[in-house]
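Morning, everyone. Let me put the model on the screen, and then I'll walk through a few spots.

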Amino acid sequence: MNTLKVGSPAPAFSLQDQDGKTVSLADFSDKKVLLYFYPKAMTPGCTVQAKGLRDSKAELDNYNIVVLGVSIDPVARLGKFIARDNLNFTLLSDEDHHVAEQFGVWGEKKFMGKTYDGLHRISFLINEQGIIEQVFDKFKTKDHHQVVLTYLAQHS
């Protein structure tokens with residue numbers, strides 16, 4: 001796994017959102033994008049992480065940040081996740097993990113003694129020029145939103 005680093009250009013991509021509409025990174029060239037990869041919709045850790053971002057939307061809006069969550073879940077599951085937890089940001093389906101591979105977040109994982117390929121929980125803050133400004137890879141799911149907000153407060 002070769003995760004993209006700060007200063008790297010973010011790969012251009014287009015994925016389907018929870019409504020089946022195509023969303024591209026280029027759609028947000030006037031905003032910063034928090035692109036966060038999470039393993040699976042509606043699981044405990046991913047739900048806590050998503051709710052933290054949901055509840056921080058006003059603060060993130062103040063920094064001109066749009067949140068895009070990416071998982072390998074099918075579109076239909078993403079819609080259920082949004083409805084169940086009243087999420088107020090876009091979720092994207094990367095079922096073939098092509099975008100995850102481009103960002104270097106698809107790779108070997110270990111869980112309960114088993115080794116398998118999967119999506120790593122890593123977030124990228126992409127600036128208006130399409131450059132990765134920050135990589136968030138060391139956080140607990142319940143603290144993810146706060147780690148992002150702390151970074152923004154210190155660098156704005």
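Start at Gly130, in the loop between S8 and S9. Helices here are DSSP runs of H or I with at least four residues, strands are runs of E with at least two, and both are numbered from the N terminus. Setting aside neighbours within four places in sequence, Gly130 contacts Ser8, Pro9 and Ala10. Contact means heavy atoms within 4.5 Å. Gly130 and Asn86 are 44 residues apart along the chain, and their C-alpha atoms are separated by 29 Å.

A word on the source. This is a predicted model, where local features need pLDDT of at least 70, side-chain atom pairs count only at pLDDT 80 or more, and totals for chains, interfaces and linings use all residues. Residues are numbered from 1 along each chain as its sequence is written, and side-chain values use heavy atoms, with hydrogens and water left out.

Next, the loop between S4 and H3, where Asp73 sits. Is Asp73 buried or exposed? Buried, because its relative accessibility is 4%. The cut-offs: buried is under 20% relative accessible area, exposed is over 50%, partly exposed is in between, with a 1.4 Å probe and protein chains only. Asp73 touches Tyr38, Lys40, Ala41, Leu78, Ser93, Asp94 and Glu95, not counting residues up to four places away in sequence. Tyr38 is 35 residues from Asp73 along the chain, with 9.8 Å between the C-alpha atoms.

Now the cores. A nonpolar core is a set of buried Ala, Val, Leu, Ile, Met, Phe, Trp, Tyr and Cys residues joined through side-chain atoms within 4.5 Å. The largest has 25 residues, and Leu35, Phe37, Phe103, Phe124 and Ile126 touch the most other members. Strands S3 (32-37), S4 (65-71), S8 (123-126) and S9 (132-136), plus helix H4 (98-103), each give two or more residues to this core. A second, separate core has 23 residues, including Leu60, Val67, Phe81 and Phe139.

Back to Ile126. Leaving out residues up to four places away in sequence, its contacts include Leu25, Val33, Leu35, Phe103 and Ile132.

Last, a helix pair. The axes of H1 (residues 44-55) and H3 (residues 75-85) come within 11 Å and cross at roughly 60°. Axes are lines fitted to C-alpha atoms, for helices over the stretch in contact, and angles run from 0 to 180 degrees between N-to-C directions. Which residues meet? Cys46, Thr47, Ala50, Lys51 and Arg54 in H1 meet Phe81, Arg84 and Asp85 in H3.
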